[in-house]
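I opened this model to look up its overall fold and one ligand site. My entries are below.

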Amino acid sequence: MKHLSLQAPAKVNYLLDVIRRRTDGYHDLRMIMQRVNLCDEISIILQDKPDLNVTCGRQGVPDGPGNIAWKAARTMLDLAETGKGAAISITKKIPVAAGLGGGSSDAASVLMGMNELLGLHLSDEQLMQIGVKLGADVPFFIFKNTALAEGIGEQLRTMPTMPPAWVVLINPGVHVSTAWVYRSLQLTNEKKLAKLPKFFDDVNSVCGIFSNDLEEVTIPAFPVIGEIKNKMLELGASGAMMSGSGPTVFGLFSDKDKAEKAQQALSDNSGWFSAVVETL
Ligand SMILES: C[C@@](CO)(OP(=O)(O)O)[C@H](O)COP(=O)(O)OP(=O)(O)OC[C@H]1O[C@@H](n2ccc(N)nc2=O)[C@H](O)[C@@H]1O
Ligand SMILES: Nc1ncnc2c1ncn2[C@@H]1O[C@H](COP(=O)(O)OP(=O)(O)O)[C@@H](O)[C@H]1O
């Protein structure tokens with residue numbers, strides 16, 4: 001029986017410009033996406049019987065066909081046409097519906113893992129084309145590099161090297177619907193896009209690009225997001241912002257000690273998820 005153990009990392013968005021509303025109900029974006037080393041753990045066992053089982057056991061995440069990882073595995077098993085099946089178990093470490101891309105990352109890891117286990121030899125480009133049909137952020141997790149993402153997130157280019165940083169993640173656990181955030185956004189006709197630097201000297205220069213249009217919707221509705229951002233800056237972060245459609249706020253630090261102290265100060269609130277992680 002073939003078996004693989006995988007680590008599926010989370011992401012944060014350093015930039016999220018919403019450019020226009022599309023006719024298919026989605027929005028064209030310009031994003032900068034960075035992986036961090038907070039990882040879900042995934043085990044895949046390839047089986048001779050055709051059954052596909054995905055178990056997660058985490059509240060708010062479906063087992064079976066409702067799980068995005070199940071859809072990823074099903075696609076790969078159908079492509080292979082070997083009659084084999086798989087047993088997949090997911091241990092969630094990434095908070096769910098948090099703006100950290102956990103589901104998309106799980107799906108990307110399963111696509112890459114099944115490609116290997118089934119000996120399909122699909123290229124990363126082919127896996128990314130399969131991935132975008134499962135979720136807009138899936139191709140980024142196959143691409144792996146820190147990326148400038150356009151379209152809905154499927155057009156990816158490698159960003160100039162960014163200095164490594166410590167990232168404090170704080171999720172206050174309020175429920176934010178991604179569909180509601182995009183729907184509520186007031187778009188201007190001709191959005192002016194800030195020019196991006198050609199290189200980044202230090203963590204401060206990375207924070208110079210921080211901007212997330214979705215905060216215009218989430219901060220007025222959930223003031224706690226703005227409060228965490230302000231606190232993070234008071235505690236010495238070089239920059240702080242909401243990731244994706246939230247509600248997780250992250251702060252970037254060049255100093256590990258400061259990052260750990262900020263996490264401690266912010267994690268006093270019971271029920272909040274908090275972590276200090278590193279950029280990948
Ligand atoms: C905001 C981002 C940024 O990385 O990430 P998360 O916060 O989810 O991590 C992504 O754009 C999340 O894209 P995606 O993964 O497709 O979101 P979904 O939850 O599937 O989308 C829910 C709904 O949001 C709207 N939506 C989503 C993406 C997009 N570019 N335009 C949209 O208008 C659509 O109405 C869609 O039906
Ligand atoms: N493997 C998975 N991990 C997390 N969420 C999943 C998974 N499969 C399906 N979902 C569903 O996807 C939704 C979005 O979850 P997630 O990817 O964690 O958040 P986000 O889109 O904010 O990055 C959740 O409501 C959850 O029920």
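These notes run from the conventions to the whole chain, then to the annotated span and the ligand shell.

**Conventions.** I am working with a predicted model, where local features need pLDDT of at least 70, side-chain atom pairs count only at pLDDT 80 or more, and totals for chains, interfaces and linings use all residues. Residues are numbered from 1 along each chain as its sequence is written, while chains are lettered from A and ligands numbered from 1 in the order in which they are written.

**Whole chain.** I found 9 helices and 11 strands in the protein chain; these are DSSP runs, H or I of at least four residues for helices and E of at least two for strands, numbered from the N terminus. The C-alpha trace spans about 55 × 45 × 35 Å along its principal axes. I looked up burial next: 44% of the 280 residues count as buried (20 or more other C-beta atoms within 10 Å of the residue's own, C-beta atoms being placed from the backbone).

**Annotated span.** UniProt, in an unreviewed entry, lists residues 67-144 as "domain: GHMP kinase N-terminal"; such annotations may be inferred rather than shown by experiment, and positions follow the numbering used here, with feature names shortened. I get 56% helix and 9% strand for residues 67-144, with the end C-alpha atoms 22 Å apart.

**Ligand 2.** Which residues are closest to ligand 2? They are Asn67, Ile68, Gly102, Gly103 and Asp106, out of 19 that surround ligand 2 (C-beta atom, placed from the backbone, within 6 Å). Two elements give two or more residues to this shell: α1 (68-80) and α2 (102-117). The largest share, 4 residues, comes from α2.

Technical notes: A residue is buried if 20 or more other C-beta atoms lie within 10 Å of its own, exposed if 12 or fewer, and partly exposed in between; C-beta atoms are placed from the backbone.
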